[in-house]
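Work through the exercises below with the structure in view. Try each task before reading its solution.

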Amino acid sequence: MADPHNPSGEDSLIARYFKPLATDPGALGLVDDAAVLASSGEDIVVTTDAVVEGVHYLATDPPDTIARKALRVNLSDLAAKGATPAGFVLTLALRSKEDSWLRPFADALGEDVRTFACPLLGGDTVSTPGPQMISITAFGRVPKGRMVGRTGARPGDLVFVTGTIGDAALGLDVLTGGVTADVLKGDRIAQDYLLDRYRVPRPRNALAAAVLAHASAAMDVSDGLAGDLAKLCAASGVSASVEVHRVPLSQAAAAAVSAVGLEKLVSGGDDYEILCAVPEAHCDDFARGADQAGVPVTAIGTVVAGLQAPRWTDAQGREVVLNRLSYSHF
């Protein structure tokens, strides 16, 4: 530990921007090298995700949106496990420590800490000459033995997804001057909506209780709906039949889909919605729970027996071939 009477630049940075976010007693005021996360017979769910400049966000993105994305992609994972947020640790790899960047970053992170009741527990700050990176490890709580994994889907379960799909991929396309920017040229409202969906995910933590109570398997949609459904099915040893016309789209995405193609929407990634399998007997209760939570859910298909890739069909029952299922880092 550094001498508290002669703090290093890192200690000063932490004290100035992030100590106010460490509201859990287990954070120890960020003066220690570790934190204590209390548990009372619950399981602790752990998830980690990093966002990297030039990969998950652009260097020109506002720092407040970067902060929200860094935390929310992890909150999305907790929601899909049926977990209640308990806290997170933060690692920052920064090129510099300019107040003009750090202050809005820390303020936005603090707002989300309060909104989602997920306090900062600790972390690390380092300097880097390369792209900036923000890495978060988040912790959540579930009743013992109850975490909703990817392996429980069974034939006959219905496949549900929350919110709308493809908005973030189209938002990035707008930001980088792609086809979507041309299609929605002159519709600033639609463009701004898609940009916001790319920059600021909407983690579905309000749905966690319904997922915990009713889903047989679940995961968040981060790399693309098609690819993530394939992962869930593979983990459960099943397949699925999905009707593409049932995939929920926003008005902005519906206006662009004929030009960009449905494949871009279901494989583009960054949706951070919840994909889950729900036994038929639980579907009504799940839908009621979602309605009470204020989270829209849509049934898009059915889990079926078999080990083949999920089958996608159109409204006439014809097979839709997807050449690309998801975003891949490598």
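## Exercise 1: A loop residue

Task: decide whether Asp270 is buried or exposed.

Solution. Asp270 has a relative accessibility of 14%, so Asp270 counts as buried. The cut-offs are these: buried means under 20% relative accessible area, exposed over 50%, and partly exposed in between, with a 1.4 Å probe and protein chains only. This is a predicted model, in which local features need pLDDT of at least 70 and side-chain atom pairs count only at pLDDT 80 or more, while totals for chains, interfaces and linings use all residues. Residues are numbered from 1 along each chain as its sequence is written, and side-chain values use heavy atoms, leaving out hydrogens and water.

Next, locate the residue. Asp270 is in the loop between helix H10 (262-267) and strand S8 (273-278). Helices (H or I, at least four residues) and strands (E, at least two) are DSSP runs, numbered from the N terminus.

Last, look at the backbone. Asp270 is not a glycine, yet has a positive phi of about 70°. Most residues other than glycine have a negative phi. Ala117 is also not a glycine and has a positive phi, of about 50°; Ala117 sits in the loop between H3 and strand S3 (120-127).

## Exercise 2: An aromatic pair

Task: find how the rings of Trp101 and Phe105 are arranged.

Solution. Start with the count: the structure holds four aromatic pairs. Trp101 and Phe105 form one that is stacked, with 4.9 Å from centre to centre and 20° between the planes. Rings of Phe, Tyr and Trp (its six-membered ring) pair if their centres lie within 6.5 Å; planes under 30 degrees apart count as stacked, over 60 as edge-to-face and the rest as tilted.

Then place the pair in the chain. Both residues belong to helix H3 (residues 99-115) and are four residues apart, about one turn of the helix. An α-helix has 3.6 residues a turn, so residues three or four places apart point the same way.

Now check burial. Trp101 is buried at 18% relative accessible area, and Phe105 is buried at 0%. Finally, widen the view: Tyr17, Phe18, Trp101 and Phe105 make up one aromatic cluster.

## Exercise 3: Two helices

Task: describe how H4 packs with H9.

Solution. Two packed helices are described by the angle between their axes and the distance between the axes. For helix H4 (residues 167-175) and helix H9 (residues 251-260), the angle is about 70° and the axes are 11 Å apart. Axes are lines fitted to C-alpha atoms, for helices over the stretch in contact, and angles run from 0 to 180 degrees between N-to-C directions. H4 and H9 are therefore roughly perpendicular (under 35 degrees is roughly parallel, over 145 roughly antiparallel, 65 to 115 roughly perpendicular, the rest oblique).

Next, list the residues that meet: Asp167, Leu170 and Asp173 from H4, and Ala253, Ala256 and Val260 from H9. Contact means heavy atoms within 4.5 Å.

Then look at H4 as a whole. Seven of its nine residues are buried, among them Asp167, Leu170 and Asp173. The buried residues pack against helix H5 (179-183), helix H6 (188-199), H9 and H10.

## Exercise 4: A buried strand residue

Task: which residues does Glu273 touch?

Solution. Glu273 is in strand S8 and is buried, with a relative accessible area of 0%. Not counting residues up to four places away in sequence, Glu273 touches several residues, including Ser76, Arg197, Arg204 and Asp220.
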